[in-house]
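Dear colleague,

Please read them with the coordinates open beside you.

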Amino acid sequence: MSERLANADDAKNALPRLNELISSHGEWFYTEAAHAQTIALRRSECDFRVSQGRLIFTCWSEAGARVWRVVGWEWTGDKLLLEAERRMGAENALLELVPRASASVINGMVSATRRTLCERLARLASEHFGKAKVERRGFSAGARRGQPGRYARIYLRRHQERIAVTGIVTESEPGDVDAMLSSALVWFTRARETSSGIGPGKLCLILPSPLIETTRQRLALLREDLRRVIHLSQIDDDWQELTPVSRPTRGDLWKEKPPRLHIPTEKPLSDWSKRLIAHAPEAIDVIRARHGETLRYHGLPFARVRRLMNEEHLWFGASGTRSRRLLAESTQPELTRLIEELKEHRHAGASDHRHALYRSSTEAWLESILRRDITRLDPGLIIAPLHAQFRTSHAGQHSNSRPVDLLALRRDGRLAVIELKVSEDREHVLQGADYWRRVEMYRRHGLIKRARLFEDAVISDEPPLLYLVAPLLRCHRAFETLARAITPDIELYRFDLNEDWRAGVRVMQRGRVN
């Protein structure tokens, strides 16, 4: 319906209908057509009233109250449109209010979409394997109770053979491959171990084109007997056809020469960094980048130094406190307060463990402790040089740009790739294996030695070791299952740390897990 409000009677007649409409939804998205910003309003924050024969609409935004005279309105069934003016008609606007769908409605829409895609995957997989019978179809665990997960779970039977099929039924990108493959491997392994009848003999992964190359890289890192039973298929954009993808080999990983390593030069620290480090030399460290320095307080970045027009500038601000500010005479007191807050809240004995400065960047906190003395983890490692947040510029379109937590060298010449976690993370194993792959690629092509990452130290002609580190009670329950899926060619070691690692790192137990 669409109505113009020409007089006081029109305004009075529209008032109860608009109030009833607003009350029928708990929350609305409010947009002024002239502005791009949309804000969420509870129904109690919207108000219609008649004043002096005019229909007045009021809402409360971050900028304060917004008051408009409504001269026309329309309810389309999906949104409420208001023709409005203010300042005696000097300002006109089209206001749009869209009701926010309830959680149950959203869950229902998500579930319906994922079930439709799961049905399509089952049909395509059945045809792909010669009209195999679909025994069961379902989903991985969802993020919300009652909602299907992101991955379809399908069982096919072809004669006496069972085939496990999985695919992603949500939007995805290459960075999602570790989560997808970890989930699939755990599901497949447990199905084979716990099946009361014939367990699945094959695992079929059905993925869109952007995920294929990254998945092939991960599959090449699995043990041989597991790789032989995994089939990878590419699904077209319209979800109408499957195309088999060749089985990867580890030799495929080393064919392409990686780009040259870009290592920040070890220039002397800037004057600003020296001054800030003096406030807490035992807590503040510096990460060098190509364009400046980042200062961290127990791993939490709180200041950055950059050179612009041959002059050094410093920006400061830590997560949970305030936005980044340029240091000037007027903002110097704010930087001083920030450092005092860090000293109060970001240390092992802090009283408030819920404070943002204590809870933020916990993995970086652990990394900063080990960076000062890596022999706490393994006495065989050389303390320096040690590369933290080491970026191999080989991230590219088929991988992700996450840096290696720590890259170290043992006294016997073996490289050590170290991946840290402080909370349960199922992707720990595959992430670490991918970091191993990247470092090994550079080692094989001689680029690590050529870049003098470890100065004149001798690097042995052997693959790196992979150290996966986490507090004892924070290791994911699927860790062992996934570690055993990795090829023995990768020497993978698990390090369990003490739970109170902030007060000092101690290795509770260590050992090879594959």
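**Strand pairing**

Strand 18, which covers residues 311-316, is joined to strand 19 by 2 bridges, and the two strands run antiparallel. Within this pair, Trp315 has Leu326 of strand 19 as its bridge partner. Please bear in mind throughout that this is a predicted model.

Both strands belong to an open sheet of 5 strands, in the order 15-16-17-18-19, with antiparallel pairing. Its edges are formed by strand 15 (284-289) and strand 19 (325-326), each of which pairs on one side only. Helix 9, made up of residues 362-372, lies across strand 15 and strand 16 (292-297), and the helix runs at about 95° to strand 15.

Strand 20 (residues 387-390) is joined to strand 21 by 3 bridges in an antiparallel arrangement, and here Ala388 has Leu406 of strand 21 as its bridge partner. Strand 21 also pairs with strand 22 (residues 415-420), again in the antiparallel sense, over 4 bridges, with Leu407 standing opposite Val417 of strand 22.

Which residue takes a positive phi in the hairpin of strand 21 and strand 22? That residue is Gly413, with a phi near 95°, in a hairpin that has 5 residues between the strands.

How values were computed:
Residues numbered from 1 in each chain as written. Predicted model: local features only at pLDDT ≥ 70, side-chain atom pairs only at ≥ 80, totals over all residues. Heavy atoms only, no water. Pairing = 2+ DSSP bridges. Contact = heavy atoms within 4.5 Å. Axes fitted to C-alpha atoms, helices over the stretch in contact; angles between N-to-C directions.
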